[in-house]
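Open the model in your viewer and keep the selection panel at hand.

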Amino acid sequence: MTPLKNKPRKGSRVRRAVVAGAVALTLSAGGATAWALDRFVVQHVEISDVSAYQASQAGTSQSTTAATTTDSSATAVTTDTSYVSDSSNISISTVTTGSGDSTVTYYVANVVLDDATTLQSAFANNSFGENITETTSTIAEANNAVFAINGDYYGFRDTGIVIRNGVVFRDDGARQGLAFYRDGTVRVYDETATTAEQLLADGVWNTLSFGPSLLDNGEVAGGVEDVEVDTNFGNHSIQGEQPRTAVGITDENHLVFVVVDGRSPGYSSGVTMTGLAEIMQGLGATTAYNLDGGGSSTMYFNGELVNNPLGENKERGTSDILYIAR
């Protein structure tokens, strides 16, 4: 008979199993944490000097645009809510609806351009890649912008077609995108049915990859409340009443930008996707598109933050903006 003292006790086996399980869980959690940090926090810079890269890819087009902007800014007339130059006419208005906890406050920028390429894009830290962020105001100031809104937060994902200022940065179609053409037209398109090079050949100047499309020929698009932009880990739902950013077109070279504040009862509760579509429809847009929202929703004008993100007057970092230079 084996002496009792040499037999492993049941409690010991249980304790060893628990310890082993805890170690395995810790290692597993550590791996998951490392993955999440790498995927959503650690910067992955693909192009460290976007301005130089764009200039090398676009030839003289960049310097031509800069010269035009400088000339027009010399004769521009600016007020607290408007900017008129030879190349652009911008007017900002504030709209408040409802009352109490149902109050909604949003900001509208009507923008008429002489040339569609006056609307430009810029990346955080003048770099392209994942998880590179700065506030909309910081990016705007670095690019001498008189007006700016947050973009599509391209850096949160590694898919989508990214064309900015006539230069291709990513060609991996995944969702419904928005294309700004050099002739002033704006169209929603299926990224998976084309390529970046084809879009360039067709005259596309900028693309956005977020969505969904809000209006179809002036009518609220079907199924806007059911669209999932991403299935990425950590991506919160875009449904319900939320802060929102949208861009639409009412006529050739006549754009309308809207930022809706939210999550701040008594000031602004936010709107649903359908509510955002109806706002754009009421402004006369025929095509409209949802951009990144939540704490990223930001409108900047003439050196100041126009809206009040999350009721805290504090911007969240984003990866890109659309802007108009002085």
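**Stop 1: alanine 140**

Select alanine 140, which lies in helix H4 (residues 136-142). Helices here are DSSP runs of H or I with at least four residues, strands are runs of E with at least two, and both are numbered from the N terminus. This is a predicted model, where local features need pLDDT of at least 70 and side-chain atom pairs count only at pLDDT 80 or more, while totals for chains, interfaces and linings use all residues. Residues are numbered from 1 along each chain as its sequence is written, and side-chain values use heavy atoms, with hydrogens and water left out.

Is alanine 140 buried or exposed? Alanine 140 counts as buried because its relative accessibility is 0%. Buried means under 20% relative accessible area, exposed over 50%, and partly exposed in between (1.4 Å probe, protein chains only).

Now show its neighbours. Leaving out residues up to four places away in sequence, alanine 140 touches Ala145, Ala148, Tyr300 and Ile321. Contact means heavy atoms within 4.5 Å. Next, draw a distance to alanine 124, 16 residues away along the chain: the two C-alpha atoms are 9.4 Å apart.

**Stop 2: strand E6**

Select residues 119-123, strand E6; five of its five residues are buried. Show the side chains. Leu119, Ser121 and Phe123 point one way, and Gln120 and Ala122 point the other. In a regular strand the side chains alternate between the two faces of the sheet.

Two strands pair if DSSP finds at least two bridges between them. Find glutamine 120: opposite stands tyrosine 323 in E21.

**Stop 3: the largest cavity**

Select Leu113, Ala116, Leu119, Phe180, Tyr181, Gly184, Thr185, Val186, Trp205, Asn253 and Leu255, which line the largest cavity. A cavity is a set of points on a 1 Å grid over the protein atoms alone where a 1.4 Å probe fits but cannot get out; lining residues have an atom within 4 Å of a point. Its volume, the space filled by probe spheres set on the points, is about 70 Å³. The count is one cavity of 30 Å³ or more.

**Last stop: the whole chain**

Zoom out and colour by secondary structure: six helices and 21 strands. Then colour by burial. Of the 326 residues, 48% are buried.

Key:
1 Å grid on protein atoms, 1.4 Å probe; cavity = no way out; pocket = protein on both sides within 12 Å on 5 of 7 lines; lining within 4 Å.
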